[in-house]
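Good morning, colleagues. Please take a moment with the sequence and the structure on the screen before I turn to the aromatic side chains.

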Amino acid sequence: MSDIEQSKHNRAIIQASDYALLANQVIDEKTDAYIAGGTGNEITMRRNSDAFNAIELRPRTLVDCTKGTTRTSILNQAMRHPIMLAPVAAQRLVHADGEIATAQAANALDAGMILSTLSSQLLEDVASSTQSTKWFQLYFQSEQVDTLSLVRRAEVAGYQALVVTLDTPIQSISVGAQRLGFTLPDDAQPINLKKHGAASTVVLEADDSIIFQGMMREAPTWSDLTWLQANTSLPIIVKGVVHPKDIDRLLDMHINGLIISNHGGRALDSMPATLDLLPTIRAQVGDDFPLLLDGGVTSGYDVFKAIALGANAVCIGRLQIYALAVNGAQGVAHMLKLMRDELELCMALTGCPTIADINQDVIYSQGK
Ligand code: FNR
């Protein structure tokens with residue numbers, strides 16, 4: 001991008017969410033449909049942001065906030081702020097440096113980063129690009145030996161936790177992306193997977209279902225999670241499990257944390273907004289359990305609202321990619337900085353100098 005174009009961009013970016021507006025100037029139509037889209041009729045995707053917009057805040061005044069800070073910690077890992085970068089696949093789709101640029105931004109802003117199994121850069125190279133908190137998002141592979149190889153590589157590379165995503169044993173791209181014929185280009189393939197690009201080895205009979213006998217045959221089950229626990233020393237955080245019975249089972253297994261997620265509306269359509277699920281799940285897991293949330297977070301206001309309703313931190317999905325597309329590592333760092341500024345503003349205007357001070361008291365409910 002030329003200096004002139006860059007300065008136009010910079011002038012236009014006032015708040016973190018501006019990156020979403022600018023991204024469609026630099027991302028082609030097919031890629032945009034893949035990134036922006038959700039599954040089905042995108043009901044869940046819309047709900048995620050509607051839920052944030054529906055929350056009303058009430059200010060407090062005359063509180064001394066001069067010692068204010070967004071510092072916090074999760075799993076005993078110190079963080080400069082409760083804003084993490086969600087695992088997002090194939091980041092070279094939007095920028096040549098892909099996940100390495102994102103890691104450099106995370107490093108600059110001391111933001112936690114979760115690297116996707118479907119990363120388009122080597123997990124070792126990404127790990128060495130950031131000194132901040134880094135977790136590795138794991139998709140179970142159809143062969144246990146391949147899953148174990150990813151886990152060992154993540155451990156050796158210095159990732160401090162595994163984030164096991166369980167909500168998408170069937171992954172379909174959005175209807176819009178399908179209509180436009182989106183496919184993943186060669187330079188954005190999942191480079192860390194041994195068999196990337198290889199077709200499934202499952203052989204279907206004439207009457208078999210492509211879903212049940214096809215994709216679900218390679219899907220993980222509870223025993224895979226138990227096996228994983230026995231085969232890693234890293235804490236395990238589960239992403240995308242929201243049913244109370246499943247959560248009970250995870251608590252019984254002593255899972256180390258949860259990310260409340262509906263994959264940004266890219267898993268089962270018609271799921272509730274993650275923000276709407278949050279208070280009940282917090283009540284179920286207890287005050288001290290590490291609980292994160294993603295889905296529809298596009299501002300520091302959203303971060304603040306999620307924390308008020310019980311999250312320890314949030315993860316940013318699409319907005320991270322939009323910022324990466326607009327201006328690489330600098331874009332992601334700038335987006336994070338703006339979001340943190342917005343969070344600080346909410347904290348100051350509600351009289352919450354620290355993250356621990358934020359609770360449901362800042363939320364306005366009619367009549368209370
Ligand atoms: C994702 N997400 C995702 N999640 C995951 O566990 N592994 C992955 O590889 C990916 N890949 C991915 C690609 C793209 C293009 C998107 C948009 C999302 C889901 C992601 O981690 C997160 O749950 C959502 O993106 C959060 O919602 P928002 O912030 O995008 O609204």
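Let me begin with a question: is Tyr-34 buried or exposed? Tyr-34 is buried, as its relative accessible area is 15%; buried means under 20% relative accessible area, exposed over 50%, and partly exposed in between, with a 1.4 Å probe and protein chains only.

A word on the basis of these values. This is a predicted model, in which local features need pLDDT of at least 70 and side-chain atom pairs count only at pLDDT 80 or more, while totals for chains, interfaces and linings use all residues. Residues are numbered from 1 along each chain as its sequence is written, and side-chain values use heavy atoms, with hydrogens and water left out.

Now to the rings. The structure contains two aromatic pairs. Rings of Phe, Tyr and Trp (for Trp, the six-membered ring) pair if their centres lie within 6.5 Å; planes under 30 degrees apart count as stacked, over 60 as edge-to-face, and the rest as tilted.

Helices (H or I, at least four residues) and strands (E, at least two) are DSSP runs, numbered from the N terminus. Phe-182 also counts as buried, at 11% relative accessibility.

The other pair, Phe-136 and Tyr-159, is edge-to-face, with 5.7 Å centre to centre and 65° between the planes. Phe-136 sits in strand 5 (residues 134-138) and Tyr-159 in the loop between helix 7 (144-157) and strand 6 (162-165), 23 residues apart. Both Phe-136 and Tyr-159 are buried.

Returning to Tyr-34, what lies over the face of this ring? It is Arg-266, at 5.0 Å from the ring centre. The criterion is that NZ of Lys or CZ of Arg is within 6 Å of the ring centre and within 35 degrees of the ring normal.

Finally, consider Val-163, which lies in strand 6 and counts as buried at 0% relative accessibility. Leaving aside residues up to four places away in sequence, Val-163 touches several residues, among them Phe-136, Trp-135, Ile-237 and Ile-259; contact means heavy atoms within 4.5 Å.
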